[in-house]
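Please look over the sequence and the model, then read the points below.

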Amino acid sequence: MGSAPPSYKGHRYPAEIIAHCVWLYHRFPLSFREVEELMLERGVVVSYETVRRWCVKFGQGYAGALRHRRPRPGDKWHLDEVFIKINGELKYLWRAVDQDGNVLDILVQNRRNKAAARRFFRRLMKRTRAVPRVIVTDRLRSYGAAHREGMPSVEHRSHKGLNNRAENSHQPTRQREQAMKGFRSVGAAQRFLSAFSGISPHFRPRRHLMTASDYRSEMTIRFAIWDQVTGIAGLPAEA
């Protein structure tokens, strides 16, 4: 789905409804049942299980298409990790953002040691196809050890106060984790968060830096892009 529109062949619901349900679920802290209720209020009868299947099938594809349209990442990357609970067990969510707050990648892992940091570095450079000028992390020693092995030519700044941008980017994830009452498996967490980190930020421009009119104009552009990546833009009005 990177550049070609998704195929809705075999689905009896119009693409607009499918895309709207996926948008609702990833944009707002809603459950599948709450999305079902919102659609029912609009006269659309769809079960929460159907909404779940749509999110699993189309969510990551939509997110990938949105990432494909982003400009190249900045040259200053902020990396951070936080714990999340999956079936009562502590796991770690690794996240990287650039200096503009764009999410570069996320990865759920069991540890936060040197091997986990090295694995995240490799994945990050592979997916972005870029090497940063500077990486900023907290004081976790695993970052320094992995940096010396995998990114020796990249400047590494390690300081708790410098990494607020990465730490702040975890807040929407925390809201969703609470709304979902945790994740059931590592795979489910990775799938959801991968789609969520691609879709949700697209509809979260830095509003505090914009006037109301500029914000509305920016959101109009972003909704138009959403219509393009979901394949809605080319559909006839009566579809």
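Helices here are DSSP runs of H or I with at least four residues, numbered from the N terminus. By that numbering, His147 belongs to helix α5, residues 141-150. The model is predicted.

**The sheet**
- Five strands form an open sheet in the order β3-β2-β1-β4-β5, and the pairing is mixed.
- β3 (103-109) and β5 (155-158) are the edge strands; each has a single partner strand, so one side of each lacks a neighbour in the sheet.
- From one strand to the next, the twist averages 20°.
- Strands β1 (residues 76-86) and β2 (residues 89-98) are antiparallel partners, joined over 10 bridges.
- Within this structure, Ile84 has Lys91 in β2 as its bridge partner.

**Helices lying across the sheet**
- Helix α4 (residues 114-128) lies across β1, β2, β3 and β4 (134-137), and its direction is at about 145° to β3.
- Helix α7 (residues 171-179) lies across β1 and β2, at about 15° to β1.

**His147 and its surroundings**
- His147 has a relative accessible area of 10%, so it counts as buried, the limit being under 20%.
- Its side chain reaches the backbone oxygen of Val154 at 2.5 Å.
- Leaving aside residues up to four places away in sequence, His147 touches Phe121, Ile135, Pro152, Val154, Glu155 and His156.

**Salt bridges**
- Side chains of opposite charge can pair when their charged atoms come close.
- The whole structure holds 11 salt bridges.
- One of them joins the side chains of Glu49 and Arg53, at 3.9 Å from N to O.
- Glu49 and Arg53 are 4 residues apart in helix α3 (residues 48-68), so about one helical turn separates them.
- Glu49 is partly exposed at 28% relative accessible area, and Arg53 is partly exposed at 44%.
- Glu49, Arg52 and Arg53 are linked in a network of salt bridges.
- Glu81 forms a salt bridge with Arg112, with the closest N and O atoms 3.2 Å apart.
- This pair links distant parts of the chain, since Glu81 is in strand β1 and Arg112 is in the loop between β3 and α4, 31 residues apart.
- Glu81 is buried, with a relative accessible area of 6%, whereas Arg112 is partly exposed at 40%.
- In helix α9 (residues 212-229), Arg222 and Glu218 lie 4 residues apart, about one turn of the helix, and their side chains meet in a salt bridge at 2.7 Å, N to O.
- Arg222 is buried at 18% relative accessible area, while Glu218 is partly exposed at 23%.

Technical notes. Residues are numbered from 1 along each chain as its sequence is written. This is a predicted model: local features need pLDDT of at least 70, side-chain atom pairs count only at pLDDT 80 or more; totals for chains, interfaces and linings use all residues. Side-chain values use heavy atoms; hydrogens and water are left out. Two strands pair if DSSP finds at least two bridges between them. Helices (H or I, at least four residues) and strands (E, at least two) are DSSP runs, numbered from the N terminus. Axes are lines fitted to C-alpha atoms, for helices over the stretch in contact, and angles run from 0 to 180 degrees between N-to-C directions. Contact means heavy atoms within 4.5 Å. Buried means under 20% relative accessible area, exposed over 50%, partly exposed in between (1.4 Å probe, protein chains only). A polar contact is a pair of N or O atoms within 3.5 Å; within protein, one must be able to donate a hydrogen and the other to accept it, and residues adjacent in sequence count only if both atoms are side-chain atoms. A salt bridge is a side-chain nitrogen of Lys or Arg within 4 Å of a carboxyl oxygen of Asp or Glu.
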